[in-house]
Amino acid sequence: MLNILTMELIYMNNILVTGANGQLGSEINKLSQNYNYNLFFTCRDDLDITNKLEIETFCINNNINTIINCGAYTAVDKAEDDKENANSVNNLAVKYLAQISKENNISLIHISTDYVFDGTNHKPYTEDDKVKPIGVYGQTKLDGEDAIVEINPKNSIIIRTSWVYSSFGNNFVKTMLRLGKEKDSLGVIFDQVGTPTYAKDLAKSILDIIPKIKNDNVEIYHYSNEGVLSWYDFAKEIMRMAKLTCTINPIESKDYPTPVKRPHYSVLNKSKIKEKFNLEIPFWKDSLDECLKTMGERK
């Protein structure tokens, strides 16, 4: 006979969050107290998502019925010389998660990226626009997407996002705050356009939509904050809100060369996820304001 604890595990929404130490995973953890979910937060040291047997054993032992995969290899430039590790985390691990989800009737929420596009669009990318990665990172993330779609676990979705920042981890906002306190002026790229994503906003949306995910075939959605801006605009606003005197000067991408070319345009069309789940997505300035207040940097 099943004991009470076992029955509770079966009937609760038991959610595995991988990559829990990252920006998104940390925000989900912080918000989780507001939800009636039983969440298991794991990082690389706790659960190796590149080991199929290890993941499957964990899911079965804990009666997992939803996986939120925040685990990813995100070092865009480093990936060019570290293809094996990037592919292992961004593609093979995702394939294993999809297989386990399908075999065990688990819902999978996988986080992907705007880097699956080449950035040559002149209007916000929809989920149906042609994908064309321009580096190893983007290609491995696309390969992971393709693996999920091919395996097709029921009640599973892919969420592409862009320019993620948070009070947790390393990100553009924290870098600008640090440099803004150290330097009198900075050159920031103005010819790359997109939209930031406050990880807390995405985390809340994910936790809100979990009970509403019902689809036979894998669905892809786009999520970022509202609005359009360049990295230069973003940096200027960070300095203004934090009342830092560092001057931000606009520079072109060619003046700041990187091993991997960045998408010049990566604005995501969010109509699909807003309409499907009745979401209201905050404007990027409002979210930046909230994040800086959380960090104690809003002046």
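Asn63 sits in the loop that links helix H3 (52-61) to E3. In this predicted model, the phi of Asn63 is near 50 degrees, a positive value in a residue other than glycine. That is worth a second look on your screen, since most residues other than glycine have a negative phi. Lys243 is another such case: its phi is positive, about 55 degrees, although it is not a glycine. Here the loop is the one between helix H8 (231-242) and strand E12 (247-251).

How do these residues stand towards their surroundings? Asn63 has a relative accessible area of 29%, so it counts as partly exposed. Lys243 has a relative accessible area of 58%, which means that it is exposed, the cut-off for that being over 50%.

| Residue | Relative accessible area | Class |
|---|---|---|
| Asn63 | 29% | partly exposed |
| Lys243 | 58% | exposed |

Now follow the chain from the Asn63 loop into E3. Strand E3 covers residues 66-69 and runs parallel to E4, joined to it by four bridges. Within this pair, Ile68 stands opposite Ile109 of E4. Both strands belong to an open sheet of six, in the order E2-E1-E3-E4-E5-E10, with parallel pairing. Strand E2 (38-41) and strand E10 (219-222) are its edges, each pairing on one side only. On average, neighbouring strands in the sheet are turned by 20 degrees against each other, direction ignored. Helix H2 packs on this sheet, where it touches E1, E2, E3 and E4; the direction of H2 makes about 145 degrees with that of E2.

Leaving aside neighbours within four places in sequence, Ile68 is in contact with Ile15, Leu16, Val17, Thr18, Ile28, Ile109, Ile206 and Ile210.

Which residues have the most contacts inside the largest nonpolar core? They are Leu24, Ile28, Ile68, Ile109, Ile159, Ile206 and Leu207, in a core of 27 residues. Two or more residues of this core come from each of strand E1 (14-18), helix H2 (23-31), strand E4 (107-113), strand E5 (157-161), helix H7 (199-209) and helix H9 (271-277). H7 gives the largest share, five residues. Apart from this core lies another one, of 25 residues, and among them are Tyr198, Leu244, Cys246 and Leu288.

How values were computed: Residues are numbered from 1 along each chain as its sequence is written. This is a predicted model: local features need pLDDT of at least 70, side-chain atom pairs count only at pLDDT 80 or more; totals for chains, interfaces and linings use all residues. Side-chain values use heavy atoms; hydrogens and water are left out. A nonpolar core is a set of buried Ala, Val, Leu, Ile, Met, Phe, Trp, Tyr and Cys residues joined through side-chain atoms within 4.5 Å. Buried means under 20% relative accessible area, exposed over 50%, partly exposed in between (1.4 Å probe, protein chains only). Contact means heavy atoms within 4.5 Å. Two strands pair if DSSP finds at least two bridges between them. Axes are lines fitted to C-alpha atoms, for helices over the stretch in contact, and angles run from 0 to 180 degrees between N-to-C directions.
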